[in-house]
Amino acid sequence: KCDLVMDATKGGFTEEQARGYLKKAEAKLTQIAGEDLNNNNNNDVWSVSNEKLGVTVYTRAGEEGSPSIIMGRGVIKSTPEKIYPHISDPSIRGKWDTFYAEGRIEKWFKENELAIGHFQTKSQFTVWPRDFEIVVGRSALDGGEVKDLNQGYSITAVSVPQENEIIERDEGNFVRGNILVSGFIVKPLNADQSEITYIFQVDGAGW
């Protein structure tokens with residue numbers, strides 16, 4: 001466990017900077033989610049890596065040698081509104097994400113819409129535990145403000161650039177990883193079913 005140290009002399013984002021940075025990540029998330037999974041051109045070749053419990057997991061190469069992109073897609077018998085707390089609340093995520101240790105929101109720019117967060121992952125065999133400082137936010141499917149969760153939404157996260165970090169690195173216990181893009185897109189299918197797409201592209205920064 002890491003006791004976080006906030007360094008007031010370091011980096012940080014204004015709300016405008018954080019929002020602009022997140023918008024770029026949201027655009028990338030939307031672009032990846034909209035790719036043709038049957039496309040066999042260039043690097044956009046998606047392969048099925050796993051199928052279980054109605055969820056299909058796809059992978060493809062990243063751009064110009066960047067880490068691979070992983071995308072899971074499935075249908076859940078629930079509404080977007082009921083799904084929302086399970087994928088947005090850092091205190092709940094550990095109940096379904098076996099790699100997740102703990103996390104929290106460090107600073108809200110606008111509650112439930114834009115924030116700086118921090119989370120840690122567990123060590124896996126010889127892999128050192130990671131921590132991540134992120135910009136995280138949500139938007140409606142059209143990119144605007146969420147007015148009704150049941151109309152669908154995206155939740156996007158991307159690592160804070162090192163020069164903007166405000167959480168001191170605990171290099172004795174964690175390796176600071178880099179999330180190029182990560183997030184959920186939740187769409188209603190009917191009154192009691194939703195499609196969920198989860199995408200992540202992460203540089204674990206070694207072992």
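How many helices and strands does the secondary structure of the protein chain come to? The chain contains 3 helices and 10 strands, where helices (H or I, at least four residues) and strands (E, at least two) are DSSP runs numbered from the N terminus. The structure is a predicted model, in which local features need pLDDT of at least 70 and side-chain atom pairs count only at pLDDT 80 or more, while totals for chains, interfaces and linings use all residues. Residues are numbered from 1 along each chain as its sequence is written, and side-chain values use heavy atoms, with hydrogens and water left out.

From the N terminus, the order of elements is α-β-β-β-α-α-β-β-β-β-β-β-β. Of the 207 residues in the protein chain, 42% count as buried; this term denotes under 20% relative accessible area, with exposed over 50% and partly exposed in between (1.4 Å probe, protein chains only). The chain exposes about 11600 Å², of which carbon and sulfur atoms supply 50%. Contacts (heavy atoms within 4.5 Å) were also examined by sequence separation. Among those in the protein chain with a separation of 6 or more, 56% are accounted for by residues 24 or more positions apart.

Strand E6 (residues 130-140) is largely enclosed by the rest of the structure, because 11 of its 11 residues are buried. Arg130, Phe132, Ile134, Val136, Arg138 and Ala140 point one way from E6, whereas Asp131, Glu133, Val135, Gly137 and Ser139 point the other way. Pairing between strands requires that DSSP finds at least two bridges between them. E6 pairs with E5 in the antiparallel sense over 7 bridges, and His118 stands opposite Glu133 in E6. With strand E7 (residues 153-159), E6 likewise forms 7 bridges in the antiparallel sense; here Gly137 stands opposite Thr156 in E7. Strand E8 (residues 175-176) runs parallel to E6 and is joined to E6 by 2 bridges, with Arg176 in E8 as the bridge partner of Asp131.

A salt bridge is defined as a side-chain nitrogen of Lys or Arg within 4 Å of a carboxyl oxygen of Asp or Glu, and the count comes to 13. In one of these, the closest N and O atoms of Arg19 and Glu113 are 3.0 Å apart. Arg19 lies in helix H1 and Glu113 in the loop between strand E4 (100-110) and E5, so the pair ties together parts that are 94 residues apart in sequence. Arg19 is partly exposed at 26% relative accessibility, whereas Glu113 is buried at 14%.

The side chains of Glu133 and Arg176 also meet in a salt bridge (3.6 Å, N to O). This pair ties together parts that are 43 residues apart in sequence, because Glu133 lies in strand E6 and Arg176 in strand E8. Arg176 forms a further salt bridge with Glu165, the closest N and O atoms being 3.2 Å apart. Glu165 belongs to the loop between E7 and E8, 11 residues from Arg176. Arg176 is buried, with a relative accessible area of 9%, as is Glu165, with 2%. Salt bridges that share partners join Glu15, Arg19, Lys110, Glu113 and Glu145 into one network.

Technical notes
Areas by Shrake-Rupley, 256 points an atom, 1.4 Å probe, with all protein chains shown as cover.
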